[in-house]
Amino acid sequence: KQWYQRRVAITAGGLGRTEKISCPVHIPQHNLDLSCVTTGSKPVSSYSLCGIVHHTGGIGGGHYTCQSLTDDTWRYYNDTMVTTREPLTSDDGIPGNDSDARSAYVLLYRQNCDLPNT
């Protein structure tokens, strides 16, 4: 089983021409449930967003930026500049800013796990 989000399409009847898909994407921040695509005796199926790779531009060229969660702080990386910036989504995953939802190219999630109380 696979789970992925396609952001490139082959057009013109499959003759090899490609174009970037720029429609807004659903970006859940917390408790992404992947139980439908995980296997095992006790699959972990809950994940939280920890990074986003953004691409602006088209297939022939553009610019990549990213956001990552480090020490409970969201950081936005754009070439040599690093700033703090929350991902522009709500807890239910509905984009709060159309440009983030359109430019999201890769979504990175980490597995949620219950740690025993110590």
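## Basis of the model

This is a predicted model, in which local features need pLDDT of at least 70 and side-chain atom pairs count only at pLDDT 80 or more, whereas totals for chains, interfaces and linings use all residues. Residues are numbered from 1 along each chain as its sequence is written, and side-chain values use heavy atoms, with hydrogens and water left out.

Strand S4, which spans residues 46–58, contains His 54; strands here are DSSP runs of E with at least two residues, numbered from the N terminus. His 54 is buried, its relative accessible area being 2%, where buried means under 20% relative accessible area with a 1.4 Å probe and protein chains only.

The side chains of His 54 and Ser 103 make a polar contact at 2.8 Å, a term for a pair of N or O atoms within 3.5 Å of which, within protein, one must be able to donate a hydrogen and the other to accept it, residues adjacent in sequence counting only if both atoms are side-chain atoms. Setting aside neighbours within four places in sequence, the residues in contact (heavy atoms within 4.5 Å) with His 54 include His 63, Tyr 76, Asp 100 and Tyr 105.

Leu 32, in strand S3 (residues 32–33), is buried with a relative accessible area of 12%. The C-alpha atoms of Leu 32 and Leu 49 are separated by 8.1 Å, although these residues are 17 apart along the chain.

Terms used
Helices (H or I, at least four residues) and strands (E, at least two) are DSSP runs, numbered from the N terminus. Buried means under 20% relative accessible area, exposed over 50%, partly exposed in between (1.4 Å probe, protein chains only).
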